[in-house]
Protein chains: 2
Amino acid sequence: MATLADLIEGYLKRLLAVSPRRYIDIQRRELAAKFNCVPSQINYVLDTRFSLERGYLVESKRGGRGYIRIYRPSPLKIDDWGKIFASLDDGDFDPRVAADFLNRVYEEKFISRREAKLMESLLRDEHYLSLVEPEIIRRLQGKLFEAVLKVILKD
Amino acid sequence: MATLADLIEGYLKRLLAVSPRRYIDIQRRELAAKFNCVPSQINYVLDTRFSLERGYLVESKRGGRGYIRIYRPSPLKIDDWGKIFASLDDGDFDPRVAADFLNRVYEEKFISRREAKLMESLLRDEHYLSLVEPEIIRRLQGKLFEAVLKVILKD
DNA sequence: AAATCTTTGACCTTTACTGACCTTATTATA
DNA sequence: TATAATAAGGTCAGTAAAGGTCAAAGATTT
């Protein structure tokens with residue numbers, strides 16, 4: 001395993017973990033040089049590993065003194081639970097949002113890593129695809145996600 | 001007589017026996033080259049010899065630096081192991097049998113109480129009833145139960 | 001002969017990585 | 001003070017490197 005992208009991801013996450021602030025600033029060219037790759041490789045890592053879906057926020061500035069700033073996922077608010085539960089009932093349950101939420105719940109130590117993985121596996125379309133219509137999949141995922149969340153909350 | 005599939009099976013099991021970890025990683029193309037066969041022959045071996053029913057677990061990643069990971073057979077001492085897993089994919093998955101199974105697994109301390117509850121909640125028909133046909137429910141439950149069980153087995 | 005098991009190959013999907021070309025901001029200079 | 005040079009970062013399409021699927025052909029067993 002361990003692709004270049006994985007190495008860069010790990011490096012950035014370590015930086016984030018150690019940073020006294022809620023973000024880190026990096027230079028794209030410098031980082032690319034450090035890992036002996038083209039600069040756009042850094043964008044690939046940011047797109048695939050530090051996406052909004054995964055709870056990260058990335059902003060940047062071009063030109064001289066340019067930089068890339070990566071924010072760590074922000075702490076869960078009570079409001080976030082509310083939003084998730086609201087989306088469970090109306091039709092627009094989004095598994096990616098749910099996965100993002102799960103990740104945060106895990107990072108805040110509400111659930112174990114294994115529980116997070118268990119719950120996340122319910123959000124993958126592949127299990128449903130051959131058996132139910134696409135529009136039904138979201139509703140089912142919502143129902144099941146609700147069921148397991150309730151188990152956690154009751155505990 | 002030893003078929004090619006048998007040889008590959010034996011080779012992989014020897015690797016597993018010797019591995020210091022709970023799994024081995026292989027490259028499909030490399031292995032196929034070693035045994036002078038097409039890559040899909042490897043999938044055949046994995047499907048027929050390293051199935052869940054036989055206690056094995058296989059996961060993989062595509063793309064550059066992809067791999068196939070084979071986990072050692074589960075140490076769970078449950079006699080109807082094979083039957084449970086056989087029933088996961090074809091239509092006759094029985095949630096009650098699965099619930100018993102879960103209980104055993106819990107008693108053997110493979111999973112926590114909360115994990116058991118999480119998994120058990122997937123076995124309840126109520127979540128599915130309004131959305132899918134009765135015959136489909138069993139199949140879905142089977143698929144999802146398989147998915148979460150795999151998470152446990154990998155851990 | 002029929003059934004079952006093995007092997008193959010054509011075609012598909014996913015993931016990683018690169019490079020050419022583009023946009024934006026700062027800095028130096030005419 | 002315009003403006004040119006420089007110094008960032010962004011985009012996107014293309015390529016390569018894996019592994020997956022499925023049906024058909026071939027071999028073996030019953």
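Guide: From the N terminus on, the elements of chain A follow the order α-β-α-α-β-β-α-α-α-α-α. That makes eight helices and three strands for chain A. The model is a predicted one. Along the principal axes, the C-alpha atoms of chain A fill a box of roughly 50 × 35 × 30 Å. Chain A has 155 residues, and 44% of them are buried. Among the contacts in chain A with a separation of 6 or more, 56% are between residues 24 or more positions apart.

Chain A is divided into two parts: domain 1 covers 4-71 and domain 2 covers 78-154. The centres of domain 1 and domain 2 of chain A, taken over C-alpha atoms, are 28 Å apart. Contact between these domains of chain A involves four residues of domain 1 and four residues of domain 2.

Of the atoms of DNA strand D that come within 4 Å of the protein, 64% belong to sugar and phosphate. A polar backbone atom of A:R28 is 2.7 Å from a phosphate oxygen of DNA strand D. From chain B, an N or O atom in the side chain of B:N43 is 2.9 Å from a phosphate oxygen of DNA strand D. A base is reached as well: a base nitrogen of DNA strand D lies 3.0 Å from a backbone N or O atom of B:G63. Which elements give two or more residues to the surface near DNA strand D? In chain A they are helix 2 (28-34), helix 3 (39-49), strand 2 (57-61) and strand 3 (67-71), and in chain B they are helix 2 (28-34), helix 3 (39-49), strand 2 (57-61) and strand 3 (67-71). By residue type, the surface near DNA strand D has six nonpolar, 14 polar and nine charged residues.

Sugar and phosphate make up 64% of the atoms of DNA strand C that come within 4 Å of the protein. On the phosphate side, a polar side-chain atom of A:Q41 lies 2.9 Å from a phosphate oxygen of DNA strand C. On the base side, an N or O atom in the side chain of B:S40 is 2.5 Å from a base oxygen of DNA strand C. Helix 1 (4-18) and helix 3 of chain A, together with helix 1 (4-18) and helix 3 of chain B, each supply at least two residues of the surface near DNA strand C. The residues of that surface divide into 10 nonpolar, 10 polar and seven charged.

B:A33 counts as exposed because its relative accessibility is 52%, and the cut-off for exposed is over 50%. B:A33 and B:S19 are 14 residues apart in sequence, and their C-alpha atoms are 22 Å apart in space.

For contrast, here is a part described by its protein surroundings. The buried residues of helix 6 (residues 113-121) of chain A are A:R114, A:E115, A:A116, A:L118, A:M119 and A:S121. Their cover includes helix 5 (95-107), helix 7 (126-129) and helix 8 (134-154) of chain A, as well as helix 6 (113-121) and helix 8 (134-154) of chain B. In chain B, B:H127 is found in helix 7 (residues 126-129). B:H127 counts as buried because its relative accessibility is 10%. The side chain of B:H127 is 3.1 Å from the backbone oxygen of B:S121. Leaving aside neighbours within four places in sequence, B:H127 is in contact with A:L140, A:K143, A:L144, A:A147 and B:S121.

Note on methods
Residues are numbered from 1 along each chain as its sequence is written. Chains are lettered from A and ligands numbered from 1 in the order in which they are written. This is a predicted model: local features need pLDDT of at least 70, side-chain atom pairs count only at pLDDT 80 or more; totals for chains, interfaces and linings use all residues. Side-chain values use heavy atoms; hydrogens and water are left out. Buried means under 20% relative accessible area, exposed over 50%, partly exposed in between (1.4 Å probe, protein chains only). Helices (H or I, at least four residues) and strands (E, at least two) are DSSP runs, numbered from the N terminus. Contact means heavy atoms within 4.5 Å. A residue is near a molecule or strand if one of its heavy atoms lies within 4 Å of it. A polar contact is a pair of N or O atoms within 3.5 Å; within protein, one must be able to donate a hydrogen and the other to accept it, and residues adjacent in sequence count only if both atoms are side-chain atoms. Ala, Val, Leu, Ile, Met, Phe, Trp, Tyr, Cys and Pro count as nonpolar, Asp, Glu, Lys and Arg as charged, and the others, Gly among them, as polar. Domain bounds come from an automatic or database domain assignment.
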